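Subject: Structure for you to look at

Hello,

Here is the structure I promised to pass on. Please open it first, then read my notes below beside it.

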Amino acid sequence: MRPATAWSPSVLIGAGATGLAVLLLSLSSPGWLRLGGVGPNWLVLWLLPWSLSQGTRVGLIGACILGFALETMTIGSATPLYGLALLAWFWGRRTGYRHLSFPSPAAMAVQASFGSLLVDVTLMLQLRLLADPRASHLQPGSGILSSDVAAAGWFGREITTAGLHGTMAAALVTGFLAPLVGTLLLRLWCPPDRSHHHG
Amino acid sequence: MVRLRKEFPQSTRRARQQRRRLLGLGAIVLSLAVASPMRQVIGGALMEAYAVLSRPFWPGPSQLKWVRQAEEAANMERLILLEKENQRLKELIGLPSVPRGNSLKAPVIARSPAVWWRQLTLGRGSRHGIRVGYAVVAPGGLIGRITAVTANTAQVTLVTDPTSRIGVLVTRTNHHGLLSGLGSGRPVLRFFTENPRTIPGDVVVTSSASTLVPGGIPVGVVQNVDRNRAPAPEAVVQTSAPIDAIAWADVLLQDPPELAQ
């Protein structure tokens, strides 16, 4: 199987449409796909087949566009862009424009789970480091309470109670969905009949 | 004799007539006496038969729904009247009353994309009069505050977000505290006093001393209390509005108290 060497309009339109779709899915986060109140990491699900089929450079472009788009639509200044960029580099490294074999569903699930974990960990680190206890002067009650109570943000307790739980749940759901979504998207970007001719 | 003979039949005829009249009267009295219980028995049987026969044509659940709707409308009108009366009484005895501004219904068009963002996006924005800082409520109570606005959308930071801090009050004990999101489904209430005497089941409302949200909006119910927390006890609060399930929210179109003053 071989990725499309020249960017045909259909690949571009397909990438744009599916990218938009995963962005909308991450925002609408349908309740029937959630585990413990957390949905799958749709951007990771999209990026895995994209960078597997298109290589590092194009994968990075896709990761940056989607990561930046999600960042602008969420509160706070944390961005999934760094994690996604790392993943795009990691997944696209081995393929480039060479032949690639369809990964097995299990491999895809493991890769997607790992990707989801990585993105969530980078987000957690950003939120942990960005949360500034001194910003509590802007918060109500800061004059009455000690600053560690009025301080707002992801500190140790928030991360251990909700953060790790959500990270694990997202990794699981992403892993479960990866064989289905990833295989479909890989088929879209590198049609298997082509691979027969060239491979 | 002839006269007697003639008279006799006359007298017997009269007696017979009298007897017949008496009999008739007796029959009427008797039939009246019998008829009143009979009427009930027969009437009852007939009504039951009518009920069985007409059952398919009885007013159905849709008619019952109309009645319920009418009752609801009546209750709503009563509520408005009581609220006005309450307001007037509060003014009479000089209590500070919270003027309720208009609210705007807005559809929820996006939810938290991951655990790191406890947010909602509403399908109404600055074009509809929404500004940053407005409180957002849902059936049940407060769910968050507007933190960003575009022309047609508004982002709500939920009370469960770790960056959310809202001054609240436990109504039963009148103790103030700070409602802090933990990123999980339930926020935590950090008290200002060391012995808040709060028990599970206490109702939590926004504090009238809060500079961010109007006072008196219900927030949730205390689920359990951790008295060993330093520097002050904490209580886990279950929000009364089903944050994960709502599809429409109300934006209170009034500036936060801090700005209004």
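Where in chain B is the place of Arg197(B)? It is in the loop between strand 8 and strand 9 (203-206) of chain B. I start there because Arg197(B) has a backbone angle to look at: its phi is positive, about 50 degrees, although Arg197(B) is not a glycine.

Chain B has another case. Asn174(B) is not a glycine, yet its phi is positive too, at about 65 degrees. Asn174(B) sits in the loop between strand 6 (165-170) and strand 7 of chain B. Asn174(B) has 9 other C-beta atoms within 10 Å, so it is exposed.

For chain B the mean pLDDT is 85. In that chain, 92% of the residues reach 70 or more. Keep one caution in mind: where pLDDT is low, the predicted coordinates should not be read in detail.

Chain B as a whole

Chain B holds three helices and twelve strands. Its radius of gyration is 37 Å, while the globule rule gives 18 Å for 261 residues, so chain B is more spread out than a compact globule. The C-alpha trace of chain B spans about 135 × 45 × 40 Å along its principal axes. Of the 261 residues of chain B, 33% count as buried. Now take the contacts in chain B with a separation of 6 or more: 56% of them are between residues 24 or more positions apart.

One barrel

Look at one pair in detail. Strand 2 (residues 119-122) and strand 5 (residues 154-158) of chain B run antiparallel and share four bridges. Across that pair, Leu120(B) stands opposite Val156(B) in strand 5.

Another barrel

Six strands of chain B also close into a barrel in the order 6-7-8-11-10-9, again with antiparallel pairing. Neighbouring strands of this sheet are turned by 40 degrees against each other on average, direction ignored.

- Strand 6 and strand 9 of chain B pair in the antiparallel sense over three bridges. Val168(B) stands opposite Thr206(B) in strand 9.
- Strand 7 (residues 175-180) and strand 8 of chain B are antiparallel and joined by four bridges. Ser180(B) faces Val188(B) in strand 8 as its opposite residue.
- Strand 8 and strand 11 (residues 234-239) of chain B are antiparallel and joined by three bridges. The bridge partner of Arg190(B) in strand 11 is Glu234(B).

Stay with strand 8 for a moment. In a regular strand the side chains alternate between the two faces of the sheet. Which residues of strand 8 (residues 188-191) of chain B point one way, and which the other? Val188(B) and Arg190(B) point one way. Leu189(B) and Phe191(B) point the other way. All four are buried.

Where the chains meet

How many residues does each chain bring to the contact? Chain A brings 32 and chain B brings 30. On the side of chain A that touches chain B, helix 1 (9-28), helix 5 (105-130), helix 6 (147-150) and helix 7 (156-189) each supply at least two residues. Helix 7 gives the most, with seven residues. By class, this side of chain A has 16 nonpolar, 15 polar and one charged residues.

One residue in helix 7 of chain A is Thr183(A). Is Thr183(A) buried, partly exposed or exposed? Thr183(A) has 16 other C-beta atoms within 10 Å, so it is partly exposed.

Best wishes

Methods:
Residues numbered from 1 in each chain as written. Chains lettered and ligands numbered in written order. Predicted model: local features only at pLDDT ≥ 70, side-chain atom pairs only at ≥ 80, totals over all residues. pLDDT = per-residue confidence, 0-100. Buried ≥ 20, exposed ≤ 12 C-beta atoms within 10 Å, placed from the backbone. Pairing = 2+ DSSP bridges. Contact = placed C-beta atoms within 7 Å. Nonpolar A, V, L, I, M, F, W, Y, C, P; charged D, E, K, R; others polar. Rg over C-alpha atoms; globule rule 2.2 N^0.38 Å. Axes fitted to C-alpha atoms, helices over the stretch in contact; angles between N-to-C directions.
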